[in-house]
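Thanks for coming. Please have the sequence and the structure open while I talk.

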Amino acid sequence: MSNPALALLEAQHITRRLPEGVTLVQDASLKVERGEFIAITGPSGSGKSSLLYLLGLLDRPTEGRVLLEGRDTASLSATELASLRLKHLGFVFQFHFLLPEFSTLDNVLIPIRRLGRLKDAAARAQAMKLLEALGMAEAAAKLPEQLSGGMRQRAAIARALANDPAIILADEPTGNLDTRNAAAVFDIFARLANEEGRAILVVTHDAELAKRANRRVHLVDGRIVSDTRVAGSENPPAPANPPALPQS
Ligand SMILES: Nc1ncnc2c1ncn2[C@@H]1O[C@H](COP(=O)(O)OP(=O)(O)OP(=O)(O)O)[C@@H](O)[C@H]1O
Ligand SMILES: [Mg+2]
């Protein structure tokens with residue numbers, strides 16, 4: 001069961017140095033709580049993607065540690081990390097990475113099937129429910145190439161939500177979208193945080209969109225140089241039904 005006393009995700013003094021000596025992230029500490037919508041900003045090359053991959057358990061720090069609901073992930077094997085990611089984390093990237101030969105529905109079904117908790121009918125119902133919630137019901141049977149850019153990215157968000165993750169990590173998810181579709185993606189993220197109590201971490205270059213998050217983390221040269229909560233959102237209201245993060 002989830003333990004609300006523990007931060008959902010926490011980086012403690014993490015540094016990521018490449019063997020050749022390049023430092024991608026330096027001594028970054030961050031606590032992520034349920035319901036937070038965090039924008040990660042900074043100049044190109046400042047380490048935003050690197051930090052996101054460390055927080056998303058896609059990469060390991062060379063110093064410091066990353067805790068998922070209090071659990072240190074350092075000693076976990078690659079397989080164990082993959083299992084944690086599949087259950088608890090959802091990823092959205094600049095490119096949608098939908099499989100082109102799969103329908104939208106089948107793309108959303110991929111992580112549900114990989115997790116294997118639901119029988120096929122229930123899995124399909126879950127995928128359909130997610131698409132409906134994102135206004136994508138009519139796109140379910142279509143191939144990615146038949147969708148607009150905005151719809152593809154919404155399909156990618158539905159896929160990220162497939163296993164009901166407590167945390168969504170997005171790296172420049174609006175980088176290929178026009179202003180209207182970019183705003184729609186941020187509306188979805190705000191809803192996922194405010195109404196569903198998920199934690200959203202989104203890397204963005206767009207200062208206007210970043211203002212819509214309730215916390216902004218700014219990086220320069222691999223370091224967190226500011227971490228500010230928007231006034232009035234210091235203590236985001238506890239969601240009625242926070243997504244559980246079962247111990248596994
Ligand atoms: N595998 C690698 N080998 C060498 N240098 C790397 C590697 N990965 C990243 N870097 C460098 O590390 C720094 C941080 O990279 P990162 O991709 O995290 O930055 P970013 O803030 O996401 O940039 P952008 O806004 O351009 O996406 C950059 O200077 C980048 O060139
Ligand atoms: Mg990047």
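Glu-69 is buried, because 20 other C-beta atoms lie within 10 Å of its own, and 20 is enough to count as buried. This is a predicted model, so please hear everything I say as computed from that model. Glu-69 sits in the loop between β4, residues 63–68, and β5, residues 71–72. Glu-69 also has a positive phi, about 45°, although it is not a glycine.

You will find Phe-97 in the loop between β6 and α3. Its phi is near 55°, again a positive value in a residue other than glycine.

Now back to β4 and β5, and the sheet they belong to. The order of this open sheet of 4 strands is β2-β1-β4-β5, and the pairing is antiparallel. β2 and β5 each have a single partner strand, so they stand at the edges, and one side of each has no neighbour in the sheet. Helix α1, residues 48–55, packs on this sheet and touches β1, β2 and β4. The direction of α1 makes about 125° with that of β1.

Which residue of β5 is the bridge partner of Leu-67? That partner is Asp-72. Between β1, residues 9–17, and β2, residues 23–32, there are 6 bridges, and these strands also run antiparallel. Ala-11 has Leu-30 in β2 as its bridge partner. β1 and β2 form a hairpin with 5 residues between them. In the turn, Gly-21 has a positive phi of about 105°.

Next, the other sheet. Here 6 strands form an open sheet, in the order β6-β7-β8-β3-β9-β10, and the pairing is mixed. The edges are β6, residues 89–92, and β10, residues 223–229; each has a single partner strand, so one side of each is left without a neighbour in the sheet. From one strand to the next, the twist averages 15°. Helix α6, residues 179–194, packs on this sheet, where it touches β3 (37–41), β7 and β8 (199–203). The direction of α6 makes about 150° with that of β8.

Leu-89 has Ile-167 in β7 as its bridge partner.

Which residues have the most contacts inside the largest nonpolar core? They are Ile-40, Ile-200 and Leu-201, in a core of 65 residues. The largest share of this core, 7 residues, comes from α6. Take Ile-40 and leave aside its neighbours within four places in sequence. Among the residues then in contact with Ile-40 are Lys-48, Leu-51, Leu-52, Leu-201 and Val-217.

Last topic: α3 and the helices around it. The buried residues of α3 are Thr-104, Leu-105, Asn-107, Val-108, Leu-109, Pro-111 and Ile-112. What covers them includes α2 (78–88), α4 (120–133) and α5. After α3 comes Gly-116, with a positive phi near 70°.

Two packed helices are described by the angle between their axes and the distance between the axes.

The crossing of α3 past α5 is right-handed. From α3, Thr-104, Asn-107, Val-108, Ile-110 and Pro-111 take part, and they meet Ala-155, Ala-158 and Arg-159 in α5.

The second pair is α3 with α4. Their axes come within 9 Å and cross at roughly 125°. That makes α3 oblique to α4. α3 passes α4 in a right-handed crossing as well. On the α3 side the contact includes Leu-105, Leu-109 and Arg-113. On the α4 side the residues include Ala-123, Ala-127, Met-128 and Leu-131.

That is the tour; I will take questions now.

How values were computed: Residues numbered from 1 in each chain as written. Chains lettered and ligands numbered in written order. Predicted model: local features only at pLDDT ≥ 70, side-chain atom pairs only at ≥ 80, totals over all residues. Pairing = 2+ DSSP bridges. Helix = DSSP H or I, 4+ residues; strand = E, 2+ residues; numbered from the N terminus. Axes fitted to C-alpha atoms, helices over the stretch in contact; angles between N-to-C directions. Contact = placed C-beta atoms within 7 Å. Core = buried A, V, L, I, M, F, W, Y, C linked by C-beta atoms within 7 Å. Buried ≥ 20, exposed ≤ 12 C-beta atoms within 10 Å, placed from the backbone. Left-handed = near helix turned anticlockwise from the far one by under 90°. Parallel < 35°, antiparallel > 145°, perpendicular 65-115°, else oblique.
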